[in-house]
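Here is the note you asked for, written as numbered points for a colleague who will look at the coordinates while reading.

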Amino acid sequence: MKREVTVQDGLRQMPIRPVYLVSCGSERTNNILSVGMFALFSGKPCLVGVGIAPSRHSYDLIRKSREFVVNVIDEKLVDAVRICGENSGRDSDKFRLANLTAEKGVKVDAPLIKESPVNIECKIVNEVETGDHVWFIGEVLAAHVRDEYKWKDGLLFKWIGENGFYHKVGEKIGEY
Ligand SMILES: Cc1cc2nc3c(=O)[nH]c(=O)nc-3n(C[C@H](O)[C@H](O)[C@H](O)COP(=O)(O)O)c2cc1C
């Protein structure tokens, strides 16, 4: 048996998904925000997208520079996700606030987060307005992965109403 539920309750039952730190701006305007809206749009060329609300300070920075970096989080970066998701770069230097280090990339001026195990450098090739967010679609031009990192060390996040929780990746249950 199934019952019809509200749209919000239905969406709440969607599987748990990753959350990322997206860094943007350049040297003097460096900023970071937490992002759950991430999607892979194409394999070849490799295109990924992030959904950013126009009210965010990062929105203005990304619009201007046409670049962003997707940084994977692990257990050590949970506090940073909270800090970067609750404060605006308009009022504070989030690298300082979250105790993170900006590193230079190889293809973009947007900063990489040194403490993140995986950094994906992107240059924007398309921009799509969708309701209350704009999807910035970027071509992945460079990627950096820490030697000892395993993809299952990346963290997932689940919204529950206004709040949420972090989760580790679960067990393997089949081959493809
Ligand atoms: C777990 C989590 C996920 C979030 N996902 C998004 C997202 O996908 N898109 C977005 O625009 N804001 C998202 N936010 C909110 C922004 O990170 C938050 O508004 C941030 O303070 C914006 O910073 P800025 O003004 O410096 O850009 C998320 C926040 C959290 C805590």
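The points below take up the ligand site, then the aromatic pairs, then the backbone.

1. Please keep in mind throughout that this is a predicted model, and that the values quoted here are computed from its atoms.

2. The ligand is surrounded by 23 residues, and the closest of these are Gly 51, Ser 58, Asn 87, Ser 88 and Gly 89. Sorted by class, the shell around the ligand consists of 11 polar, nine nonpolar and three charged residues.

3. Two of them involve the backbone: a polar backbone atom of Gly 36 is 2.9 Å from a nitrogen atom of the ligand, while a backbone N or O atom of Asn 87 lies 2.8 Å from an oxygen atom of the ligand. Of the 650 Å² of accessible area that the ligand has on its own, the protein covers 90%.

4. The space that the ligand takes is the largest pocket. The elements giving two or more residues to the shell are the strands β3 (31–35), β5 (47–52) and β11 (155–160), together with the helices α2 (57–65) and α3 (78–86). The largest share, four residues, is contributed by β3.

5. The structure holds five aromatic pairs. One of them is formed by Tyr 59 and Phe 136, and this pair is tilted, with 5.7 Å from centre to centre and 50 degrees between the planes. The pair links distant parts of the chain, as Tyr 59 belongs to helix α2 and Phe 136 to strand β10 (residues 133–145), with the two residues 77 residues apart.

6. The peptide bond from Lys 44 to Pro 45 is cis, its omega being near 5 degrees, and Pro 45 is placed in the loop between β4 (38–42) and β5. Arg 66, although it is not a glycine, has a positive phi of about 60 degrees, and this residue lies in the loop between α2 and β6 (67–72).

Definitions and conventions. Residues numbered from 1 in each chain as written. Predicted model: local features only at pLDDT ≥ 70, side-chain atom pairs only at ≥ 80, totals over all residues. Heavy atoms only, no water. Near = heavy atom within 4 Å. Polar contact = N/O pair within 3.5 Å; in protein donor to acceptor, adjacent residues only side chain to side chain. Areas by Shrake-Rupley, 256 points an atom, 1.4 Å probe, with all protein chains shown as cover. 1 Å grid on protein atoms, 1.4 Å probe; cavity = no way out; pocket = protein on both sides within 12 Å on 5 of 7 lines; lining within 4 Å. Sits in = over half its atoms within 2 Å of the grid points. Nonpolar A, V, L, I, M, F, W, Y, C, P; charged D, E, K, R; others polar. Phe/Tyr/Trp six-rings, centres within 6.5 Å; stacked < 30°, edge-to-face > 60°.
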